Amino acid sequence: MKTAVLASLIASAAAFAPAKQAAKTTAVSASDFEDVLGAQPPLGLWDPLGLLNGADEERFDRLRYVEIKHGRISMLAFLGQITTRAGFHLPGAIDYSGDSFDSYPNGVAALIGPNSIPTAGLVQLIAFIGILEIAVMRDIEGTGNEFVGDFRNGYIDFGWDDLDEEAKLSKRAIELNNGRAAMMGILGLMVHEEIVPLGYDPELPIIGHLV
């Protein structure tokens, strides 16, 4: 999961483009997207890099797709940080040598450093993420998906179809905001973990001791 976060943060600058609510065929400036889902108080439409200037609907949908996916990965990553640092790990051994899951450090140190997961383990993680990207976390056309980032593909529902339009918009907005917060949160944790050796306080609220 933490490997997925590192990969997702490469394009995190694009991840804060606002979401689409109404279809548009052509846009000449970011102001054309002021009423989309995700452009809400206190910032409203927030596009400091000008990614939406001259953007059409296809470009907008691509940015939306990236934002949603990065937000979901980051939410899982932040939850993973809280869970593992609270002492919860998978049972059993992580390799044939008998090393337990909790014998490896948390956070960035699990990926980089003298006590990190073996290369073979990282390769397996990356391969698993690749399978998810190719076969699971994608929008299959013709399966009834309602919006960009809808990966139900005709077989996952969990009560979504029973909600009215107002409730659906509310839940989509909640996901966007939680994803945006998680992207900043996991990035902050990764940076803070790396600067602790420079003398910064390793104790953080909720997360606890970073090293």
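User: How many salt bridges does a search of the whole structure find?
Analyst: The search finds 11. A salt bridge here is a side-chain nitrogen of Lys or Arg within 4 Å of a carboxyl oxygen of Asp or Glu. This is a predicted model: local features need pLDDT of at least 70, side-chain atom pairs count only at pLDDT 80 or more, and totals for chains, interfaces and linings use all residues. Residues are numbered from 1 along each chain as its sequence is written, and side-chain values use heavy atoms, with hydrogens and water left out.

User: Which side chain does K69 meet in a salt bridge?
Analyst: That partner is E133, at 3.0 Å, N to O. K69 lies in helix α2 (residues 57–85) and E133 in helix α3, so the pair ties together parts 64 residues apart in sequence. Helices (H or I, at least four residues) and strands (E, at least two) are DSSP runs, numbered from the N terminus.

User: Is K69 buried or exposed?
Analyst: K69 is buried, at 8% relative accessibility. E133 is partly exposed, at 33%. Buried means under 20% relative accessible area, exposed over 50%, partly exposed in between (1.4 Å probe, protein chains only).

User: And R85, what does its side chain meet?
Analyst: R85 pairs with E193 in a salt bridge of 3.4 Å, N to O. R85 is in helix α2 and E193 in helix α4 (residues 165–195), so this pair links parts 108 residues apart in sequence. Both R85 and E193 are buried.

User: What about D157, which side chain does it meet?
Analyst: D157 meets R152 in a salt bridge at 3.8 Å, N to O. D157 is partly exposed at 31% relative accessibility, while R152 is buried at 12%. Salt bridges with shared partners join E146, D150, R152, D157, D161, E165 and K168 into one network.

User: Switching topic. Which residues make the nonpolar surface patch?
Analyst: V136, Y155, I156 and F158 make it, with about 460 Å². Patches use residues with over 30% relative accessible area and no salt bridge: like charges are joined within 9 Å, nonpolar side chains (Val, Leu, Ile, Met, Phe, Trp, Tyr) within 5 Å. Areas come from the Shrake-Rupley method with a 1.4 Å probe; for residues, only the protein chains shown count as cover.

User: Where does V136 lie?
Analyst: V136 is in helix α3 (residues 119–136). V136 is partly exposed, with a relative accessible area of 36%.

User: Last one. What order do the elements run in?
Analyst: From the N terminus on, α-α-α-α-β-β. That is four helices and two strands. Of the 211 residues in the chain, 37% are buried.
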